[in-house]
Amino acid sequence: MQLPLALSIVLVVAGLWTLIVWPPFLRRVFKDPRSKDENGAPTRFLKVHFMLVTTSMILGAATLVIGIRTLAA
């Protein structure tokens, strides 16, 4: 795949940004009192945020891989 260098760099930066920013957010969600009910079971708050972070990180990893592959081409 051929992309201009600037676009490849944007993909790499966007992928790295996503992989750097979301894990600390997830750690804060786990510490949030809304994450567990009175019995210690996960709440919808935790489940929704976990899926949001997981999906974002998968897309970020894919973006990073695509950016690296276009740089290598």
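Which backbone nitrogen does the side chain of Asp32 reach at 2.8 Å? The side chain of Asp32 reaches the backbone nitrogen of Arg34. The views below start from the whole chain and return to this contact.

The model is predicted: local features need pLDDT of at least 70, side-chain atom pairs count only at pLDDT 80 or more, and totals for chains, interfaces and linings use all residues. Residues are numbered from 1 along each chain as its sequence is written, and side-chain values use heavy atoms, with hydrogens and water left out.

**View 1. The whole chain has two helices and zero strands.** Helices (H or I, at least four residues) and strands (E, at least two) are DSSP runs, numbered from the N terminus. Helix H1 covers residues 5-31. Helix H2 covers 44-72. Along the principal axes, the C-alpha atoms fill a box of roughly 55 × 15 × 10 Å. The radius of gyration is 16 Å, whereas a compact globule of 73 residues would have one near 11 Å. That radius is taken over C-alpha atoms, and the globule rule is 2.2 Å times the number of residues to the power 0.38. Of the 73 residues, 23% count as buried. Buried means under 20% relative accessible area, exposed over 50%, and partly exposed in between (1.4 Å probe, protein chains only).

**View 2. Asp32 meets Arg34.** Asp32 sits in the loop between H1 and H2. Besides its contact with the backbone nitrogen of Arg34, Asp32 forms a salt bridge with Arg34, with the closest N and O atoms 2.8 Å apart. A salt bridge is a side-chain nitrogen of Lys or Arg within 4 Å of a carboxyl oxygen of Asp or Glu. By this rule the count comes to one. Side chains of opposite charge can pair when their charged atoms come close. Asp32 is buried, at 18% relative accessible area. Arg34 is exposed, at 53%.

**View 3. Ser35 reaches back to Val29.** Ser35 also has its place in the loop between H1 and H2. Its relative accessible area is 0%, so Ser35 is buried. The side chain of Ser35 reaches the backbone oxygen of Val29 at 2.3 Å.

**View 4. Trp22 and Phe25 pair edge-to-face.** Rings of Phe, Tyr and Trp (its six-membered ring) pair if their centres lie within 6.5 Å; planes under 30 degrees apart count as stacked, over 60 as edge-to-face and the rest as tilted. The count comes to one aromatic pair. The ring centres of Trp22 and Phe25 are 5.4 Å apart and the planes stand at 85°, so the pair is edge-to-face. Both residues lie in H1, three residues apart, about one turn of the helix. Phe25 is partly exposed, at 25% relative accessible area.

**View 5. Leu5, Ile9, Val13 and Leu71 make a nonpolar surface patch.** The patch covers about 360 Å². Patches are made of residues with over 30% relative accessible area and no salt bridge: like charges are joined within 9 Å, nonpolar side chains (Val, Leu, Ile, Met, Phe, Trp, Tyr) within 5 Å. H1 gives the most, with three residues. Leu71 lies in H2. Leu71 is partly exposed, at 40% relative accessible area.

**View 6. Ala73 and Leu3 are 8.8 Å apart in space, C-alpha to C-alpha.** In sequence, Ala73 and Leu3 are 70 residues apart. Ala73 lies in the segment after H2. At 52% relative accessibility, Ala73 counts as exposed.

Key: A polar contact is a pair of N or O atoms within 3.5 Å; within protein, one must be able to donate a hydrogen and the other to accept it, and residues adjacent in sequence count only if both atoms are side-chain atoms. Accessible areas come from the Shrake-Rupley method with a 1.4 Å probe; for residues, only the protein chains shown count as cover.
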